[in-house]
Amino acid sequence: MAAEKTFYLETFGCQMNAHDSEKVIGTLIEQGYRQVESEIEAGLILYNTCSIRDKAEQKVFHRLNDYKRLFKEGKRFAVLGCVAQQEGEKIFDRAPYVSLVSGSASYRKLPEMLARLESGEERITGLDDRQTEETFETEFTARQSPYRAYITIVEGCDKFCSYCVVPYTRGKERSRSSSSVLAEARRIVDQGYTEIQLLGQNVNSYRDPEGKCSFAELLATVGQVEGIRRVRFTTSHPRDFTRDIVEAIDQTPTLCDHVHLPVQSGSARILKAMAREYTPEWYLERIAWLKAARRPISLSTDIIVGFPGETAEDFIATMNLLAEVEYDGVFAFKYSPRPNTPALTMIETVPDEDKTQRLHVLLDRQREIQKINYSRQIGGVLEVMVEGLNPARGQIVGRSSQNKPVNFTWPHAIAPAPGSYLRVKITEAFPNSLAGEAV
Ligand code: 5AD
Ligand code: SF4
């Protein structure tokens, strides 16, 4: 009898990567592999990697270094995802014990690559540098969350912001057909999920290859699938953020009250250098549409501090934008130079200490804004979807439609199942979460 095939997979990076891993895991299981919980137990060790910033990129090499001794015991290593696509065959030089290197645009060839690996081949690559028009769709997705199901609707990116690796690591932008998206949404509901998150690096750049619907129409159609209670979508690009998206949210109660709209900077000059193709005024117009929606829509964003050429004045412009929008959440990062990107050739003018300082100033201010925003919810009753338990605090953990974490007490001995919906009276607010009691 052949030895059992086992694998261990660790994921780094964004939700796109998390969901790619669900599809890779499903593919491996379909190929006769069994998933195990640690490197030690596994015959095949896979890392699905991220290269968005330098620190993220280093993680995979640390991990490989920690476990390379296992190669002698016959274990095999695979590097998947953005670092794989970016570094390509250079990974074999840096970590010669790696046998397979594949970027996300080649995952549909995984079964074939796995067969070659099993037959003892050593340096297998799936590298697809902005060539493929195809998306990776599989019915074998091994969903890892009991309450939230992801669907990729757009892969890749054609925006080429000057700081960003994604156009080089995830290939050219390509959308799935609306009928395959809808078929997957229906399948997900049949499996018992009520929350769907539509994914794309620029999710709202979606263009139906069948020409049947716009992104806003797709949102509304998915939101109307019988049995769905919550639809989220991420990440939106301001450039493609059209007013009909807000209208779809207005008209479709299942579309969640939350939009993540990365601004990156509040300075027109820096936005230009970043090749974002919008001005602060243009961005704020979209925010005004969202603020005029029938339901209060929670807003969050991404910001980069210390981009080459960012002056104290540019940074103040970002701080002013923050004060004006009053986001419920901000992901802020220090600019990190990335291979292949146009910004790599720009002279870095902001020393690391200044980047760190700007980051702190920004996050401190944002914390104050969130304290006020979150405390506005005290006294209200919110519908919360249960995600799990916090045994240490004896509380149930869930999320509101606005995507705010809600920790709450529950009067019964048996905890509610993940994925169930409860009404929670909010009694306390913190800068990043709410607390209350089930009613
Ligand atoms: N340096 C710092 N932050 C970056 N991001 C993308 N590229 C870089 C970079 N080179 C941030 C952006 C993006 C988020 C996912 O990561 O804010 O929206
Ligand atoms: Fe990281 Fe971007 Fe790749 Fe996601 S797409 S894993 S954020 S580099």
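Reader: Hi! Is S178 buried or exposed?
Author: S178 counts as buried because its relative accessibility is 4%. Buried means under 20% relative accessible area, exposed over 50% and partly exposed in between, with a 1.4 Å probe and protein chains only. This is a predicted model in which local features need pLDDT of at least 70 and side-chain atom pairs count only at pLDDT 80 or more, while totals for chains, interfaces and linings use all residues. Side-chain values use heavy atoms, leaving out hydrogens and water, and residues are numbered from 1 along each chain as its sequence is written.

Reader: Thanks! Which helix does S178 lie in, and what does S178 touch?
Author: S178 lies in helix α7, residues 178-190. Helices (H or I, at least four residues) and strands (E, at least two) are DSSP runs, numbered from the N terminus. Not counting residues up to four places away in sequence, S178 touches Y206, D208, E210, K212, C213 and L218; contact means heavy atoms within 4.5 Å.

Reader: Switching topic: how is the chain divided into domains?
Author: There is domain 1 (5-126), domain 2 (145-256), domain 3 (260-376) and domain 4 (381-438). The bounds come from an automatic or database domain assignment.

Reader: And which domains give residues to the shell around ligand 2?
Author: Domain 1 and domain 2 both do, so ligand 2 lies between them. The residues around ligand 2 are C14, N17, C50, S51, I52, C82, V166, R170 and Q201, each with a heavy atom within 4 Å of it.

Reader: Nice. Where does the largest nonpolar core lie?
Author: That core has 65 residues, and I153, L198, V222, F233, V259, Y327 and L362 touch the most other members. Domain 2 and domain 3 both give residues to this core, so it lies between them. A nonpolar core is a set of buried Ala, Val, Leu, Ile, Met, Phe, Trp, Tyr and Cys residues joined through side-chain atoms within 4.5 Å.

Reader: What is V259 in contact with?
Author: Leaving aside neighbours within four places in sequence, V259 is in contact with F233, F241, I249, L290, I297, S298, L299 and S300. A second, separate core of 23 residues includes V60, Y67, V79 and I91.

Reader: Last one: which residues are buried in helix α2?
Author: In α2 (residues 54-67), the buried residues are A56, E57, V60, F61, L64 and Y67. Seen down the axis, they fall within an arc of 150 degrees, so they line one face of the helix; the arc is that of the directions from the helix axis to the C-beta atoms.

Reader: And the face turned away?
Author: That face of α2 carries the exposed residues K55 and H62.

Conventions:
Chains lettered and ligands numbered in written order.
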